[in-house]
Amino acid sequence: MTSDDIIKDKAKPLAETVCRQKEYLYRLKTRLAAVGIPHDDKLAEKVESAYKAVFELWLDLHYRSCGMAPKKNT
């Protein structure tokens, strides 16, 4: 099995779960900024990196749940 085998009915619940994690990381980014932690702080950078990675994962799964295969990196 490869990621190409993940189809609509399997991708939708995965996308929903990952979306909740993405939303949590977004709220964490917002909270860090609200308490004055600069964006170049090590913790803020790690949270930003995690958010971007989870966002990309969610996007991939979202497209799969819509029946669209994500573009392959070449």
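**View 1. Phe55, a partly exposed ring, and its partner Trp58.** With a relative accessibility of 28%, Phe55 counts as partly exposed (buried is under 20% relative accessible area, exposed over 50% and partly exposed in between, with a 1.4 Å probe and protein chains only). Phe55 forms a tilted aromatic pair with Trp58, at 5.7 Å centre to centre and 50° between the planes (rings of Phe, Tyr and Trp, the latter by its six-membered ring, pair if their centres lie within 6.5 Å; planes under 30 degrees apart are stacked, over 60 edge-to-face, the rest tilted). This is a predicted model, in which local features need pLDDT of at least 70 and side-chain atom pairs count only at pLDDT 80 or more, while totals for chains, interfaces and linings use all residues. Residues are numbered from 1 along each chain as its sequence is written, and side-chain values use heavy atoms, with hydrogens and water left out. Because Phe55 and Trp58 are 3 residues apart in helix H2, about one helical turn separates them (helices are DSSP runs of H or I with at least four residues, numbered from the N terminus). Trp58 itself is buried, at 17% relative accessibility.

**View 2. Tyr51 and the aromatic cluster.** How many aromatic pairs does a search of the whole structure find? There are 3. In one of them, the ring centres of Tyr51 and Phe55 are 6.2 Å apart and the planes stand at 35°, so this pair is tilted. Both residues belong to helix H2, 4 residues apart, which is about one turn of the helix. Tyr51 is buried, with a relative accessibility of 15%. Tyr26, Tyr51, Phe55 and Trp58 make up one aromatic cluster.

**View 3. Helices H1 and H2 side by side, running roughly antiparallel.** Helix H1 spans residues 8-34, and its axis comes within 8 Å of that of H2, crossing at roughly 155° (axes are lines fitted to C-alpha atoms over the stretch in contact, with angles from 0 to 180 degrees between N-to-C directions). The two are therefore roughly antiparallel (over 145 degrees; under 35 is roughly parallel, 65 to 115 roughly perpendicular and the rest oblique). Their crossing is left-handed (the near helix is turned anticlockwise from the far one by less than a right angle). The contact of H1 with H2 involves 19 nonpolar, 3 polar and 6 charged residues (Ala, Val, Leu, Ile, Met, Phe, Trp, Tyr, Cys and Pro are nonpolar; Asp, Glu, Lys and Arg charged; the others, including Gly, polar).

**View 4. Arg64 in helix H2.** Arg64 sits in helix H2, which covers residues 42-65. Is Arg64 buried or exposed? At 10% relative accessibility, Arg64 is buried. The Arg64 side chain makes a polar contact with that of Asp60, at 2.5 Å (a pair of N or O atoms within 3.5 Å; within protein, one must be able to donate a hydrogen and the other to accept it, and sequence neighbours count only if both atoms are side-chain atoms). Asp9 is 55 residues from Arg64 along the chain, with 9.0 Å between their C-alpha atoms. Asp9 lies in helix H1 and is exposed, at 56%.

View 5. Lys10 has its place in helix H1 and is partly exposed, at 43% relative accessibility. Met68 is in the segment after H2 and is partly exposed, at 45%.
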